[in-house]
Amino acid sequence: MTELGNRLKEARKEKGISLDDLQEMTKIQKRYLKNIEEGNYDSMPGKFYVRAFIKQYAEAVGLDPETLFEEYESDIPRTEQEEFPEQLSRVQTSNKRAAPDTVKMMNVLPRILVVAAIIAILFLLWFVVYKLAGHNTKEKLNSGASGNVSVQKESIKSAEKVSSGRNTGSSSEKNAAKTPKKPASETKKTAQKLETVSSSGYTTTYKLAGTSQFKLELKANGGRSWVQVKNSDGSTNFQQLLNDGDSRTADLSNQKQVTITIGNTVNTEVYINGKKLKYHIPASKEVRQDMIIQFNGPQTE
């Protein structure tokens with residue numbers, strides 16, 4: 001072992017660096033580092049590499065390579081190019097030390113990109129759902145508003161009919177005076193009544209009285225609607241998906257109670273014995289409703 005090799009080895013041990021650690025730091029093969037410590041330069045790749053490896057070894061263990069080259073000039077092989085690029089050695093050593101940090105960063109970067117992509121996708125999905133939900137709500141409100149307008153038109157027409165009836169009342173009274181009066185028992189007739197008994201959630205119970213008939217008509221107006229009618233015993237009278245403009249009728253005069261389920265009250269009109277039913281629960285509040293209609297047949301006083 002040469003004096004130079006012994007000094008390098010002692011400096012390495014003082015720092016607690018093994019040959020394996022030094023190999024990782026300098027990227028010089030362990031056998032070449034051992035040859036430097038033993039002064040066995042003949043097995044090295046060349047004189048130029050001997051000086052280069054000694055320089056890197058010295059920098060790694062904290063020794064000044066230029067001082068070593070001056071003190072042990074006779075022990076180190078000489079080359080035609082005496083000056084080894086100092087900057088190359090330092091850059092290589094610093095790059096070797098920084099390599100683990102760079103590798104860690106490269107391993108973490110794909111994960112960061114994946115998380116960012118997932119967040120962006122979730123935000124996009126939320127935005128689309130939010131927009132669609134708002135659009136559907138507006139459509140329902142608009143449909144409900146149009147339904148209310150049609151009901152108001154019906155009320156106006158009824159008022160006009162009543163008004164016209166009052167105007168012609170005088171002529172009717174004259175005609176009535178000419179005709180003989182009928183007995184009170186014959187002129188007294190019962191009127192159809194449809195009253196709300198109770199309401200809870202999306203279910204309303206009605207009572208139909210004052211008539212011997214119970215004829216039902218369901219009509220889709222403004223869109224599609226799924227409907228179902230069940231008899232008193234729970235059996236299904238009919239169920240159907242009504243397209244816009246479709247209608248379905250049923251004679252339920254022999255039933256004591258029926259249950260009507262409407263999937264879209266905004267687009268569904270209900271007629272009982274030709275008279276349009278006004279939903280107790282506004283269609284804009286509960287789109288899907290169940291209606292129980294109790295039927296007791298004709299009632300006389």
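1. The structure is a predicted model, in which local features need pLDDT of at least 70 and side-chain atom pairs count only at pLDDT 80 or more, while totals for chains, interfaces and linings use all residues. Residues are numbered from 1 along each chain as its sequence is written, and side-chain values use heavy atoms, with hydrogens and water left out.

2. Glutamate 24 and lysine 27. One of these salt bridges joins the side chains of glutamate 24 and lysine 27, with 3.0 Å from N to O. To describe the cover of each residue, buried is taken as under 20% relative accessible area, exposed as over 50%, and partly exposed as in between, with a 1.4 Å probe and protein chains only. Glutamate 24 counts as exposed because its relative accessibility is 52%, whereas lysine 27, at 44%, counts as partly exposed.

3. Glutamate 66 and lysine 55. A salt bridge also forms between glutamate 66 and lysine 55, whose closest N and O atoms are 3.6 Å apart. This pair links distant parts of the chain, since glutamate 66 belongs to helix H5 (residues 65-71) and lysine 55 to helix H4 (residues 47-60), eleven residues apart. Helices (H or I, at least four residues) and strands (E, at least two) are DSSP runs, numbered from the N terminus. Glutamate 66 is partly exposed because its relative accessibility is 39%, while lysine 55 is buried, its relative accessible area being 1%.

4. Lysine 276 and glutamate 269. Which residue meets lysine 276 in a salt bridge? The partner is glutamate 269, and the N to O distance is 3.6 Å. Lysine 276 has 29% relative accessibility and therefore counts as partly exposed, but glutamate 269, with a relative accessible area of 13%, is buried.

5. The protein has eight helices and ten strands, and an open sheet of four strands shows the order S6-S3-S8-S9 with antiparallel pairing. The edge strands are S6 (247-251) and S9 (275-276), each of which pairs on one side only. Two strands are said to pair if DSSP finds at least two bridges between them; S3 and S6, which run antiparallel, are joined by five bridges. Leucine 216 stands opposite alanine 250 in S6.

6. Threonine 211. This residue lies in the loop between strand S2 (203-209) and strand S3 (215-220). Is threonine 211 buried or exposed? Threonine 211 counts as buried because its relative accessibility is 12%. Its side chain reaches the backbone nitrogen of glutamine 213 at 3.2 Å.

7. Surface. A nonpolar surface patch of about 780 Å² is made by Phe123, Leu124, Trp126, Phe127, Val128, Tyr130 and Leu132, and leucine 132 is placed in helix H6 (residues 86-167). Patches are made of residues with over 30% relative accessible area and no salt bridge, like charges being joined within 9 Å and nonpolar side chains (Val, Leu, Ile, Met, Phe, Trp, Tyr) within 5 Å. The accessible surface of the protein comes to about 20,000 Å², of which 51% belongs to carbon and sulfur atoms; such areas come from the Shrake-Rupley method with a 1.4 Å probe, and for residues only the protein chains shown count as cover.

8. The whole chain. Of the 301 residues of the protein, 29% count as buried. Among contacts (heavy atoms within 4.5 Å) between residues at least 6 apart in sequence, 64% join residues at least 24 apart.

Technical notes
Salt bridge = Lys/Arg side-chain N within 4 Å of Asp/Glu carboxyl O. Polar contact = N/O pair within 3.5 Å; in protein donor to acceptor, adjacent residues only side chain to side chain.
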